Amino acid sequence: MSWLLALPLLASWAQVGGVPAGLKAQVNQKGLEYGRQFGLRMVMFMLKKNPIPDIQGSHDVPLLGDVQYSVTRIQIDDLQLGDSAITFSKGLGVNLTVANGIVLLSANWKLRTLFGPDGGTVDIQVSQLSLSTLLGFGKEVSGRPRVWAARCRATIGDILLKFHGGNSWFYNRFTSVMEMLLQSQLNKQLCFELKKGVDDIAPVLHAMNVSIRIDPFAELDYSMVNRPVFGEDRCLVDLKGEFFTMGQPRTNLFTPSPFVLPQQPGSMLLLGISEFCANSAAAAYFFAGVLRRNYTDEMIPKGVPFHLNTDSVGMLIPGLEKAFPDMPLQIFVGARKPPALSFHPDGVHVLVFGSIEVCVVLPDGSLAPAFLLNIDGNFTGQFFLGPVSSGNSLGRLSGLVYLQHFQVYQGWSNIGDVKVEFLENALKVGVQLGLLAVNQHLKKGILLPNVHNISLVNPQITMYQGLLLVATDLRYELPAAL
């Protein structure tokens with residue numbers, strides 16, 4: 001019965017509320033209803049995959065005496081959920097109801113009567129299946145979800161048996177008695193099996209990952225910081241949403257601020273990304289050393305007339321050539337501190353705090369620091385999400401990045417004052433040329449990695465003060481094996 005969790009689990013990862021979190025998500029009734037629509041195929045797969053317990057017992061039957069019976073190798077052939085519904089239960093969890101359900105099964109049967117043993121196959125039709133269960137959701141200390149069956153009512157209105165093989169022509173005359181016995185036994189077991197299936201999910205949830213490795217440099221912690229909160233038409237959750245540097249002790253450099261998701265009706269899923277989440281990502285890559293590069297003359301393409309030596313750079317900075325004539329250079333370009341990101345209605349604002357340190361390579365291979373320039377830049381980015389035609393990608397991210405402000409100033413110098421005006425203009429032109437290439441790439445779009453065969457449908461990014469909101473419908477593509 002573990003399949004009963006497939007649908008509500010889709011909706012349990014979401015929360016709106018003015019509480020601190022890096023990520024917030026909301027799944028509404030439309031999303032839950034979509035889960036119900038494709039859930040039948042998933043249910044069929046799970047029921048066929050998980051064995052149904054054998055049924056056995058004994059009963060005194062007129063003319064046959066004490067009949068010992070067993071029904072084994074029970075298999076689901078068809079499942080019709082009839083009038084089924086899945087809804088949120090305010091303050092509690094998820095309600096799953098089924099009325100007038102029909103299940104067609106086949107199995108092997110064995111009987112032992114006064115006339116000896118007998119056996120064959122049997123077709124079983126379960127009709128007027130009624131099920132009502134409330135699934136509660138919570139949070140473990142580790143930030144993983146927890147689920148339990150808070151309430152269950154289940155009944156089977158009618159069962160029809162059709163025996164094949166052996167003396168089935170005779171036993172089919174007494175099916176009413178056997179149907180009554182089987183119906184009584186199943187009615188006693190339904191809720192027990194459902195709760196058992198829910199309990200079987202607990203070890204899976206307890207072992208599930210609540211962080212994901214983005215690349216060799218950073219990981220994202222998306223553990224829950226509060227228990228899910230259920231409203232009448234939505235399910236809400238707060239996630240930590242914090243990036244950390246791989247292989248380094250976790251340190252909390254930022255404190256998340258409370259924020260509330262704006263309501264955008266009509267979408268299955270709302271995902272709010274806070275400035276806390278974005279800035280923790282910037283810090284993770286900064287401390288991983290990704291935002292720092294070293295350049296030597298050997299890295300300059302052949303045929304380029306400019307070289308990283310004091311002769312070429314000395315044309316821009318005469319004091320360098322005068323102090324160190326005809327000597328190679330090594331340049332260190334990097335961020336002085338993590339970039340600062342903020343969200344505004346006009347886009348993502350990024351403050352970059354960079355530096356360029358120029359060192360002279362002495363004949364013995366050691367480095368002589370010459371000077372350091374600080375570079376501060378202010379960029380604005382606008383980003384868009386688009387759907388893809390297949391389930392091989394979550395979606396396509398595109399955008400544009402603009403340079404708003406650029407400033408170069410001297411940090412320190414061992415060769416006298418460095419006049420930065422010309423350098424600032426030259427570097428600004430270089431940045432603008434680099435943005436042309438970046439924007440060409442962003443215009444084509446970047447395919448986001450596939451996440452559990454889920455694709456975005458009609459996604460939309462909306463920028464708010466302090467918040468990036470993604471509103472989207474979802475399409476889930478079941479594996480071909482299903």
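Are Cys-152 and Cys-191 buried or exposed? Cys-152 is buried, and Cys-191 is buried too. Buried stands for under 20% relative accessible area, exposed for over 50%, and partly exposed for values in between (1.4 Å probe, protein chains only).

## About the model

This is a predicted model, in which local features need pLDDT of at least 70, side-chain atom pairs count only at pLDDT 80 or more, and totals for chains, interfaces and linings use all residues. Residues are numbered from 1 along each chain as its sequence is written, and side-chain values use heavy atoms, without hydrogens and water.

## Cysteines

The whole structure holds 1 disulfide, a term for a pair of cysteine sulfur atoms within 2.5 Å. Cys-152 and Cys-191 form it, with their sulfur atoms 2.1 Å apart. The pair joins distant parts of the chain: Cys-152 is in strand E8 (residues 145-164) and Cys-191 in helix H4 (residues 175-207), 39 residues apart. Helices (H or I, at least four residues) and strands (E, at least two) are DSSP runs, numbered from the N terminus. The torsion about the S-S bond of Cys-152 and Cys-191 is about -85°, so the disulfide is left-handed.

Cys-235 is buried, at 0% relative accessibility. Cys-359 is buried as well, at 3%.

## Aromatic rings

There are 5 aromatic pairs. Rings of Phe, Tyr and Trp (its six-membered ring) pair if their centres lie within 6.5 Å; planes under 30 degrees apart are stacked, over 60 edge-to-face, and the rest tilted. Phe-137 and Phe-230 make a tilted pair, 5.8 Å centre to centre with 35° between the planes. Phe-137 lies in strand E7 (residues 116-139) and Phe-230 in strand E11 (residues 229-230), 93 residues apart. Phe-137 is buried at 2% relative accessible area, and Phe-230 is buried at 4%.

Lys-24 lies over the face of Phe-259, 5.1 Å from the ring centre. Lys-337 lies over the face of Phe-353, at 4.3 Å. The criterion is NZ of Lys or CZ of Arg within 6 Å of the ring centre and within 35 degrees of the ring normal.

Phe-306 sits in the loop between strand E16 (292-296) and helix H6 (310-314). Phe-306 is partly exposed, at 33% relative accessibility.
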